Amino acid sequence: MKGIKTILLVLLVILVIIQFIQPGRNKSGQAMPDDISKMVNMPANVQGILQKACYDCHSNNTQYPWYANVQPFNWFLNNHIQSGKAELNFNEFGTYTPRRQQSKLRSIENRLKDGTMPLSSYTLIHRNVILSEAEKSLITNWVQKSKDSLNKKSF
């Protein structure tokens, strides 16, 4: 019994200590001159859907939930955000080569069609980001038009 109490006490101390180890926040607070909305025409309804469902992990400005202040959850979130931004960052879309821009737009379309985005681990807690078929269709149509307009710009 004494061994269990010691283990629980050590775990509690570790839990308290790790609360002081916080990764940096993904909040730039700056206007984004290379944002995708500056590169291609983006209707307000598409931008709203992307901001609601995608921007927390795929931009430089995350809206953090309350549990992001608790470790180890914050580390888990930070890892997802860094991975998401490495894959696609809407705020830095203009820095991509034309070929990479086309590739990222195709990837958006494919991820929506195969249902791998938004991540199920994200939608499990954030039910409001689950996209309806109408929202997916709206984004897919926008992606098609955006790919076409980027093709015209690159010639």
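Tyrosine 55 has a relative accessibility of 9% and so counts as buried (under 20% relative accessible area with a 1.4 Å probe, protein chains only). Phenylalanine 90 is buried too, at 2%. This is a predicted model, in which local features need pLDDT of at least 70, side-chain atom pairs count only at pLDDT 80 or more, and totals for chains, interfaces and linings use all residues. Residues are numbered from 1 along each chain as its sequence is written, and side-chain values use heavy atoms, leaving out hydrogens and water.

The structure holds two aromatic pairs (Phe, Tyr or Trp rings, the six-membered one for Trp, with centres within 6.5 Å). In one of them, the ring centres of tyrosine 55 and phenylalanine 90 are 5.1 Å apart and the planes are at 5 degrees, so this pair is stacked (planes under 30 degrees apart). Tyrosine 55 is in the loop between helix 3 (44-53) and helix 4 (73-87), and phenylalanine 90 is in the loop between helix 4 and helix 5 (98-114), so the pair ties together parts that are 35 residues apart in sequence. Helices are DSSP runs of H or I with at least four residues, numbered from the N terminus.

## Arginine over a ring

Arginine 100 lies over the face of tyrosine 96, 4.1 Å from the ring centre. The criterion is CZ of Arg, or NZ of Lys, within 6 Å of the ring centre and within 35 degrees of the ring normal.

Notes: Rings of Phe, Tyr and Trp (its six-membered ring) pair if their centres lie within 6.5 Å; planes under 30 degrees apart count as stacked, over 60 as edge-to-face and the rest as tilted. Helices (H or I, at least four residues) and strands (E, at least two) are DSSP runs, numbered from the N terminus. Buried means under 20% relative accessible area, exposed over 50%, partly exposed in between (1.4 Å probe, protein chains only).
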